[in-house]
Amino acid sequence: FNCGLTASEGFRNSPSPIGVLTMATIQIKETETCKYDLISMGEIMLRMDPGDTRIRTARRFDAWEGGGEYNVARGLRRCFGMRTGVLTAFADNEIGRLIEDFILQGGVDTSMINWVPYDGIGREVRNGLNFTERGYGIRGALGVPDRGMTAASQIRPDHFDWDDIFGKQGAGWFHTGGIFAALSESTADTVIKAVQAAKEHGTIVSYDLNYRPSLWESIGGKKKAREVNREIAKYVDVMIGNEEDFTACLGFEVEGLDDNISSIDIDKFKAMIESAVSEYPNFKVTATTLRTVKSATVNGWGAICWADGQFFESAYRDDLEIFDRVGGGDSFASGLIYGLMTAGDPEAAVNYGAAHGALAMTTPGDTSMAALSDVEKIMAGGGARGIRESGFAKVRYAFFRTAARFSLARLLSGSMARTRS
């Protein structure tokens with residue numbers, strides 16, 4: 001640990017953040033035992049973006065790659081410089097190879113992708129498409145996924161060598177989520193097998209509940225969602241989800257929550273989280289974003305996490321201007337994970353997540369275009385004022401020096417006491 005540097009400098013100059021003690025309750029495997037800092041598992045689709053127009057009237061589309069679980073690995077690689085890989089499957093055709101090319105541009109390892117022979121017309125296997133409008137003002141964002149019979153939805157537990165992935169190759173962290181689990185009976189079984197295998201090999205597991213009623217409907221609805229997610233939850237260290245996710249997927253009710261999930265009393269949400277961590281003592285951290293939709297282009301945005309019996313809230317941005325909201329929650333997750341791995345302080349972690357998520361929503365596409373320096377600038381209270389590149393690289397923030405000192409104190413003492421400045 002480079003105690004004389006800022007947190008960002010110290011970890012950027014080290015081979016990998018794995019091996020740093022973040023909290024006494026989260027022990028991450030040592031760098032030399034792991035090929036990857038993080039592996040994610042999920043479906044990656046080709047996103048078709050009509051830009052400023054509507055899907056129904058578009059004459060051209062911009063293409064991006066995206067997937068709830070993959071977006072986390074991509075953000076960790078491109079913004080935070082971690083070594084990441086992805087577990088997924090594609091039909092072996094030109095669309096699949098296009099998505100692979102996008103993944104390679106993001107720096108995420110593709111060696112664990114399963115390539116399924118293509119039948120020529122997509123009768124048996126195909127790659128998913130996701131037509132997505134950004135929305136504007138009073139017109140909300142709109143997604144039209146076309147993902148039936150995709151290669152990823154047909155993944156089974158025996159399609160991967162789990163002992164090789166988590167044992168021989170090694171990963172400090174494994175991330176997956178409820179979108180992938182909901183694609184089919186076999187993907188639900190695969191997620192359960194994957195989290196079990198990860199825990200057997202000492203890998204930290206994070207899971208984003210990401211409840212989507214339309215996905216669960218064909219395989220048993222909310223009852224099936226709750227059955228699957230309650231089993232997965234037994235193996236999760238870091239659980240991510242909003243109030244609707246915890247209610248639908250795990251059965252924890254939030255008092256006073258309306259049917260449209262339009263408003264929530266934070267104290268009542270905290271009470272629900274305390275019930276969840278009581279039932280699942282394996283949860284080391286739980287976290288959620290706090291979003292108030294004022295219009296498609298203006299949101300209130302923040303985040304909260306629970307760790308070590310305490311709640312930590314990020315800075316709240318009351319009128320955050322949105323360019324493209326898709327992927328904001330995934331970018332929150334990648335920032336949160338980075339903070340837990342490196343800064344050693346849940347408060348720093350939730351602020352990494354909230355700042356990264358906010359920045360991701362200022363650019364098009366599902367994935368982040370932010371740099372670590374952008375995130376740290378926002379965390380330190382910076383705004384949109386232009387900064388010359390040469391001067392920007394020299395900015396240092398006391399916030400991160402403080403986070404680094406906290407991490408070192410924990411490392412030396414093993415104490416779970418939290419120091420507030």
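This is a short tour of selected residues in a predicted model.

**Strand S4**

Start by selecting strand S4, residues 84–87. In general, side chains in a regular strand alternate between the two faces of the sheet. Colour Thr 84 and Val 86, which lie on one side of S4, and then Gly 85 and Leu 87, which lie on the other. These four residues are all buried, so both faces of the strand are covered.

**Glu 100**

Move to helix H3, residues 94–105, and pick out Glu 100. Is Glu 100 buried or exposed? Its relative accessibility is 15%, and because buried means under 20%, Glu 100 counts as buried. Now show Thr 110 and Trp 115: Glu 100 is in contact with both, leaving aside its neighbours within four places in sequence.

**Salt bridges**

The whole structure holds 23 salt bridges.

Select Glu 133 and Arg 139. They form a salt bridge in which the closest N and O atoms are 3.3 Å apart. Glu 133 is buried at 2% relative accessibility, while Arg 139, at 24%, counts as partly exposed.

Then go to Arg 230 and Glu 279. The closest N and O atoms of this salt bridge are 2.2 Å apart.

The next pair to select is Lys 294 and Asp 318, whose side chains meet in a salt bridge of 3.2 Å, N to O. Here the residues sit in strands: Lys 294 is in S12 (residues 285–295) and Asp 318 in S15 (residues 317–321), so the pair ties together parts 24 residues apart in sequence. Lys 294 is partly exposed, with a relative accessible area of 43%. Asp 318 is also partly exposed, with 42%.

For the last stop, select Arg 47, Asp 49, Asp 52, Arg 134, Asp 324 and Asp 366 together. Salt bridges that share partners join these residues into one network.

Key. Residues numbered from 1 in each chain as written. Predicted model: local features only at pLDDT ≥ 70, side-chain atom pairs only at ≥ 80, totals over all residues. Heavy atoms only, no water. Helix = DSSP H or I, 4+ residues; strand = E, 2+ residues; numbered from the N terminus. Buried < 20%, exposed > 50% of the residue type's maximum accessible area, 1.4 Å probe, protein only. Contact = heavy atoms within 4.5 Å. Salt bridge = Lys/Arg side-chain N within 4 Å of Asp/Glu carboxyl O.
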